[in-house]
There are 2 protein chains.
Amino acid sequence: MSETSTYDVVGIGNALVDVLSHEDDAFLEGHDLTKGSMTLIEDDRVRELYEAMGQRTEMSGGSAANTLVGLASFGGRAAYIGRVHDDDLGTVFAHDLAGLEVHFDSPRATDGPATGRCLIVVTPDAQRTMNTYLGASSLLGPEHVDLDVVRASKVTFLEGYLFDRDAAKEAYRVATEAAHAAGRDVALSLSDGFCVDRHRDDFLALIDGGVDILFANTDEITRLYEVDDFDDAVAKVRGRCKVACLTKGRHGSVVIAGDETHVIAPHEVPKRVDTTGAGDLYAAGFLYGYTQGMSLDRCGSLGSMAAAAVIGHTGARPGLSLAQLVDLLDS
Amino acid sequence: MSETSTYDVVGIGNALVDVLSHEDDAFLEGHDLTKGSMTLIEDDRVRELYEAMGQRTEMSGGSAANTLVGLASFGGRAAYIGRVHDDDLGTVFAHDLAGLEVHFDSPRATDGPATGRCLIVVTPDAQRTMNTYLGASSLLGPEHVDLDVVRASKVTFLEGYLFDRDAAKEAYRVATEAAHAAGRDVALSLSDGFCVDRHRDDFLALIDGGVDILFANTDEITRLYEVDDFDDAVAKVRGRCKVACLTKGRHGSVVIAGDETHVIAPHEVPKRVDTTGAGDLYAAGFLYGYTQGMSLDRCGSLGSMAAAAVIGHTGARPGLSLAQLVDLLDS
C-alpha cells in the first residue's frame, strides 16, 4: 500500500435492488410463496411478483454493495463496480449509492435483462420471504471492470457469488491481477455455503494464491475444507492467506494471521431483530480498520460493532435508530 | 394519563419539506444569497430557487415533525398534524413520515399555496444557507386539527412558530382544550428567540395555564422573562408549569419540576458536525421517556443522547452512521 490511493476499498459483486413490501399471508398463498424461503426466479415470474407487490420500498442492495455502504458509513472512501440495466431500478441503484457516498459509475446495459432485484415480502409475523432475480447483475464480465478504480483502491473486495458464472469469474481474475500488479490487497467473501460446495476447488486454489484477506463464517469455512470442526478449519486455513476473518455468529470471530490468532468478542446485541447483512457489515468494519492501518484486534472489534448495529434492526443497512443507540450505550 | 392511548405524542406544527442540494459559491452569488443566513421567502422566489437547485434531496422536515420522527426512532408511538398541499412535495412529506412510522393523515389542501419547504443550499465549506417558504403549512387552522388524535395521545406537542398566525393560534387553543379535557398533557417548544419577542405576552399567559411541559433554550427563556441571567429565568419559570426543560447547548440541560431541579449532563459528542435539530431531538428523547413513565433524570438523559446523535452528523434526522456509533461507544 505504498502508492497514493483514491479509494480505501472497491467492491465487485452482483448489483441488486432490494424491493420490500409488507403483505398478508394470503399474498404468499396467492403467489405460491413459501414463507421464509430464498428462491432464485426468472423473467416472467419477477415481473408478475414485482407488479403484485403493494407500496414498495426500493434501495440498493447486494452483498458487496452492503459492505461498501457500511465502509462509507464509517467514513471510509468507497467505490463499487457492478452491472445494472439502464432502467428505473438501475437509476434507483445508482442514486442510492451516490446518496450513501459510494462511488459508482459502471456503465449501464442498454440491452439484455432488466436490473437485478431481490423481492422481499414481509408478513405481519416479521418473516421475510425473498425472491431474487439476478437479471443484468449476472452479466458482469471482465470488460466491465474499471481497472483504474481497482488500481486506485487499497483493497479490492470480491463476492464469492461471482464464481457462479464464467464471465464474472474472469472479471474476478482480471481485477485480482490488476490489484496485485499495483501492490494492492484482494479480499474475498465466501458468501454462502452452497456457493462454496459448487466451487470448492476454485476457491481452494485462489486462497493459496490470489486472496490476501478471506472472510468466511463457520458454515462456509468448514464446508470449504470438508471438516466437521471449526478448529480443524482454522488449522487448514492458517498460512494460506495473509489474514483470515472467521465469523461465528453470536460467538464472535477469530482473525488468523500467520502464527497469530486474535479472538474477537462479539459486541453485545440487546435485541437480535434481523441478522441479514451481519456478515457484510462485519467485513465493512474490518476493512475500514484495516485500510486505516489499525491493529487486527481493533479491526475485528469494528467488525463486531458494525454487525451488532445491523442485527439490531430490520434490513442490511447500517443506519441506526435512537432506540438502538440507547440499547448499545446502556449495554 | 389514565385512559388508554393510541399515541404517545402528537405534534402540531409547520409542515415543511427539507430540500437540500450541494452548490458552489457562485450559485449563492448568482442568486443573491448570503451564506449561512436563514430567510423567509415568498411565492416567485421559491419557484426560481427550487428550480435552480441541482440534484435535490427531499425529506419531511419542520421542527415538531423532527421531534416526532425522533420519538418514533426511540420506539414511541408518534402522530403528526400539519397542512400540506396536494402536490408532489405534499406526497414526499406524507410518504416520508409514513416510512419513519409517524402517523400522518391530515387532509391536503387542494387550493391555495404549494407545500411549504425549506431550501437548503450546502456549499463546499459545509455551510448551510436556508430559505424557507411556509406555503400551505401556514394555513393550518382549528378546522384541520383532528381532535380524536389529540384525545388519543398522552401528550400534545406544539411549536411556538404556530403563534405567528391567528388561525394557527386558534388551532393551538382548540387542541389544548381537547387535550386537557381528556386528561392529557400539553407540551410547548418556544422554537426561536425572535418568535418569543413577537409573542411574549401570549406565551407568558399560556405557560401559566395551558402548558404542562415547556421546552426552551437559554436564549428563548431569558428573552421570555426579559432577564440577562439563566438562573433568574429558572427562578421565574419555577412553579409556572408542571415541568420546564431548559437546554443550555454544550452545557447540558436543567429540568425544573416544582421544587425539584434536575441537572442533566450533556452526552459526550466527539464531533459537533451540525447542531440543526438538536433542540427538536432533545424534546423527542425527553418526551419518549416521559410517556414511558421514566424518572425525570432519565428523560433528560435520553434527550441528551438524542441531541448528541443529531449533532454528530449533518441534518436534523436521527439516523446514525457507524462512525458516530463508534465515537459514542468509545467516548
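In the predicted model, Ala78(B) of strand E5 (residues 78-81) of chain B stands opposite Val102(B) in E6(B), where strands (E, at least two residues) and helices (H or I, at least four) are DSSP runs numbered from the N terminus. Two bridges join E5(B) to strand E6 (residues 102-103), and the two run parallel; strands pair if DSSP finds at least two bridges between them. Strand E1 (residues 7-12) of chain B is likewise parallel to E5(B), to which four bridges join it, and Ile12(B) has Ile81(B) as its bridge partner.

Helix H11 (residues 278-291) and helix H12 (residues 296-311) of chain B pack at an angle of about 145°, with their axes 7 Å apart, axes being lines fitted to C-alpha atoms, for helices over the stretch in contact, and angles running from 0 to 180 degrees between N-to-C directions. The residues of this contact divide into 15 nonpolar, four polar and one charged, where Ala, Val, Leu, Ile, Met, Phe, Trp, Tyr, Cys and Pro count as nonpolar, Asp, Glu, Lys and Arg as charged, and the others, Gly among them, as polar.

Between the chains, 20 residues of chain B are in contact with 20 residues of chain A (C-beta atoms, placed from the backbone, within 7 Å). On the side of chain B that touches chain A, H13(B) gives the most, with six residues.

Residues are numbered from 1 along each chain as its sequence is written, and chains are lettered from A and ligands numbered from 1 in the order in which they are written. In this predicted model, local features need pLDDT of at least 70 and side-chain atom pairs count only at pLDDT 80 or more, whereas totals for chains, interfaces and linings use all residues.

Key
Two residues are in contact if their C-beta atoms, placed from the backbone, lie within 7 Å. A residue is buried if 20 or more other C-beta atoms lie within 10 Å of its own, exposed if 12 or fewer, and partly exposed in between; C-beta atoms are placed from the backbone.
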